[in-house]
Amino acid sequence: EVQLVASGGGSVESGGSLTLSCAVSRFDVMYFMGWFRQAPGKEREGVAAIYTSRYIPYYADSVKGRFIISQDHAKNELDLQMNSVKPEDTATYYCAAKTSRPSGSWPWSVPSEYNYWGQGTQVTVSS
């Protein structure tokens, strides 16, 4: 059974930093893990993902250079370090996992490609 529990959300001023964590029940069945966000009235979008066995990160253009995704298999944890945050980063953030092998050019940022989800954690960035 795969369980994901997200934490670390809160309020932060524009330009500040925040780190989100996702407790992962087991990494051995993961192929990809990702962070998504959803703002009110908007669709859920991919923020960052990592190919867990190869430690290869992927980022949305909107967060590239500001956010860092990392994993610690010893701690069973997936983190998202958010730096230089902007008001447009305000959203509910979700961690997600894909436990089936991706094929070809796999669209890491598409929510329907992931089969496990944690509950959301709210991030609010004030200007």
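Trainee: Which residues does the disulfide join?

Mentor: A disulfide is a covalent bond between the sulfur atoms of two cysteines. A search of the whole structure finds one such link. With an S to S distance of 2.2 Å, within the 2.5 Å cut-off, the cysteines joined are Cys22 and Cys95.

Trainee: Is the link of Cys22 and Cys95 right-handed or left-handed?

Mentor: The handedness is read from the angle about the S-S bond, which is 60° for Cys22 and Cys95. The link is therefore described, by its geometry in this predicted model, as right-handed.

Trainee: How many residues apart in sequence are the parts that the pair ties together?

Mentor: Cys22 lies in strand 3, residues 18-24, whereas Cys95 lies in strand 9, residues 91-98. The pair therefore ties together parts whose separation in sequence is 73 residues.

Trainee: What pattern does the chain follow along the sequence?

Mentor: The chain holds zero helices and eleven strands. Read along the sequence, the pattern is β-β-β-β-β-β-β-β-β-β-β.

Trainee: What radius of gyration does the chain have, and why does it agree with a compact globule?

Mentor: The C-alpha atoms fill a box of roughly 40 × 30 × 25 Å along the principal axes. For 127 residues, a compact globule would have a radius of gyration near 14 Å. The chain agrees because its own value is 14 Å.

Trainee: What percentage of the residues in the chain is buried?

Mentor: Buried here means under 20% relative accessible area. Of the 127 residues in the chain, the buried share is 43%.

Technical notes
Residues numbered from 1 in each chain as written. Predicted model: local features only at pLDDT ≥ 70, side-chain atom pairs only at ≥ 80, totals over all residues. Heavy atoms only, no water. Helix = DSSP H or I, 4+ residues; strand = E, 2+ residues; numbered from the N terminus. Rg over C-alpha atoms; globule rule 2.2 N^0.38 Å. Buried < 20%, exposed > 50% of the residue type's maximum accessible area, 1.4 Å probe, protein only.
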